[in-house]
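This report walks through one protein model.

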Amino acid sequence: MKRLAEGLYFFLKQRHWIQTERIRQVFSRLQPGTIRQTEEAVDLYYIHLIKRSIVLFVLVVSVSGLLLVRQAAESGQGIHLTRSDYGEEEDVYHLVYQDSQQEQQELSITLAPVEYSPDELRDQFRQGFSCLEQALPGDNPSLDQITQNLRLLTTIPGSGLSVSWSSDDHELLEENGTVKNEDITKAQQVRLLLELSYGDQTESREYALTILPAVLTGEEEQKRQLRMELEQLLQESRYEREVYLPPAIQGVELREAGSAASRIWIILPVGFGMIGLLWLRQREALYRRLKQRKQELEQAYPYFVNQLLLYTGAGATVKGALERIIRQLEQKGKGGESLYQELMIMQNETGSGITQEQAYINLGKRTALLPYMKLASLLAQQQRKGAGSLALPLEEEEHLAFERRKERARRAGEEAGTRLLLPMILLMVLSMLVVVCPALMNFI
């Protein structure tokens with residue numbers, strides 16, 4: 001994988017399809033070093049990023065390929081739908097197809113629950129009547145001696161049958177089985193009608209409907225024909241729990257909405273979007289490191305100027321003062337790593353033959369910060385002229401450095417106060433709720 005990423009990176013780099021100039025500038029500030037070291041850092045950055053992108057790309061393509069294989073396997077086997085149990089609610093399935101204009105259309109079909117065959121339905125009616133008749137007397141000794149409420153069941157669990165009770169005298173017997181015998185003086189005859197129904201299998205229910213066909217467009221007519229064909233297939237398989245739909249009806253290929261093929265168009269853009277976010281995240285992390293280095297150099301600047309003024313005021317040369325500051329930073333450890341790296345680069349440059357004046361100027365350019373550039377200019381001017389004291393300009397620079405430091409501290413305090421504003425508001429709201437809620441509860 002690493003070799004593939006390297007080959008792809010250098011291929012893109014040779015054709016100038018990857019612009020590395022901005023990243024090179026960031027690394028030259030973030031990791032100061034030679035031009036070769038900066039180039040190597042940039043190469044490693046892009047190679048690592050491309051390698052992660054390849055892994056993510058392979059994952060996206062693999063998932064999409066698996067979905068395509070699954071869709072291809074499903075397309076030749078038709079669609080399998082499962083009916084609900086007897087008497088349960090209907091299920092709605094969504095199918096998609098392409099019309100004559102090659103546009104994707106959606107077709108919704110309703111799958112009724114599994115039905116009884118005629119013989120099974122007769123057995124269910126017989127068992128249902130037997131079950132209801134056994135429970136009907138309730139606590140009465142028999143139907144000829146009713147003194148208490150009847151037990152009229154309205155459902156038969158697991159059968160899917162609908163139960164309907166009706167009485168011809170609601171003043172004596174209600175449809176829920178309540179017996180009203182408080183005001184009668186002699187035995188009264190009441191007729192109780194029990195009706196069981198399943199689907200359209202009822203004793204006294206009749207419907208007469210007249211439906212005229214509507215004028216349909218080509219696409220609507222195609223959908224109507226498909227629906228009629230599907231309803232016929234569903235009607236023919238009403239005694240079967242598993243329903244099979246052919247892969248194509250009337251030359252139109254059908255597939256269930258939300259199938260593997262439709263999910264590919266979601267996975268692909270999301271996957272490539274994640275690759276783009278990966279690149280943005282890596283670049284954002286790089287700029288964040290650069291910002292942290294800039295803040296660290298700004299924080300170390302007052303100390304740098306103060307020590308430089310202290311040593312030069314004591315009679316040391318600028319070069320000697322810088323060497324002592326480097327030793328102090330080396331012993332100090334954390335808190336001045338960025339300044340220590342910059343001063344070490346400057347010292348290595350002077351050791352390799354670069355003049356001190358040019359080394360000071362390079363220091364200001366690498367940091368790209370106005371205070372360091374100004375100080376580097378002062379040091380380079382003093383080195384070039386070889387006369388004059390640095391005490392006065394360094395004192396002024398020290399004063400300005402500490403003023404800038406106070407200004408940064410003030411801004412940081414204001415930003416911290418702004419960030420704490422929302423938690424303070426939330427705490428205030430919670431405190432008010434703690435005080436107000438008990439009072440409201442007592443009031444209510």
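## The largest pocket

Helix H4 (118–135) and strand S5 (192–197) each put at least two residues into the lining of the largest pocket. H4 is the top contributor to that lining, with 3 residues. Helices (H or I, at least four residues) and strands (E, at least two) are DSSP runs, numbered from the N terminus. The pocket is lined by 23 residues. Leu143, Ile146, Leu150, Gln188 and Val190 lie nearest its centre. By class, the lining has 15 nonpolar, 4 polar and 4 charged residues. Here Ala, Val, Leu, Ile, Met, Phe, Trp, Tyr, Cys and Pro count as nonpolar, Asp, Glu, Lys and Arg as charged, and the others, Gly among them, as polar.

The volume of the largest pocket is about 700 Å³. Rolling a probe the size of a water molecule over the atoms shows where empty space is left. The search uses a 1 Å grid over the protein atoms alone and a 1.4 Å probe; a pocket is an open set of points with protein on both sides within 12 Å along at least five of seven lines, and lining residues have an atom within 4 Å of a point. Grid points are joined across faces, edges and corners, and the volume is the space filled by probe spheres set on the points.

## Model and overall fold

This is a predicted model: local features need pLDDT of at least 70, side-chain atom pairs count only at pLDDT 80 or more, and totals for chains, interfaces and linings use all residues. Residues are numbered from 1 along each chain as its sequence is written, and side-chain values use heavy atoms, with hydrogens and water left out.

The protein chain has 11 helices and 9 strands. Of its 444 residues, 30% count as buried. Buried means under 20% relative accessible area, exposed over 50%, and partly exposed in between (1.4 Å probe, protein chains only). Take the contacts between residues at least 6 apart in sequence: 65% join residues at least 24 apart. Contact means heavy atoms within 4.5 Å.

## Helices H9 and H10

H9 (residues 356–367) and H10 (residues 370–385) have axes that come within 8 Å and cross at roughly 175°. The two helices are therefore roughly antiparallel to each other, a label for angles over 145 degrees. Axes are lines fitted to C-alpha atoms, for helices over the stretch in contact, and angles run from 0 to 180 degrees between N-to-C directions. H9 makes the contact through Gln356, Glu357, Tyr360, Ile361, Gly364 and Thr367. H10 answers with Tyr372, Met373, Ala376, Leu379, Ala380, Gln383 and Arg384. Sorted by class, this contact has 7 nonpolar, 4 polar and 2 charged residues.

Ala368 sits in the loop between H9 and H10. Its phi is near 55°, a positive value in a residue other than glycine. Most residues other than glycine have a negative phi. Ala368 is partly exposed, with a relative accessible area of 33%.

Leu339 belongs to helix H8 (residues 337–351). It is buried, at 2% relative accessibility. Not counting residues up to four places away in sequence, Leu339 touches Leu297, Ala300, Phe304, Leu329 and Tyr372. Its C-alpha atom is 9.3 Å from that of Thr367, 28 residues apart along the chain.

Ser64 is part of helix H3 (residues 35–75). Its relative accessible area is 5%, so Ser64 is buried. Leaving aside neighbours within four places in sequence, Ser64 contacts Ile264, Ile267 and Leu268.

Gly7 lies in helix H1 (residues 2–14). With a relative accessible area of 42%, Gly7 is partly exposed.

Glu242 is in strand S6 (residues 242–245). It counts as partly exposed at 46% relative accessibility. Glu242 and Thr82 are 160 residues apart along the chain, yet their C-alpha atoms are separated by 5.0 Å.

How values were computed
Parallel < 35°, antiparallel > 145°, perpendicular 65-115°, else oblique.
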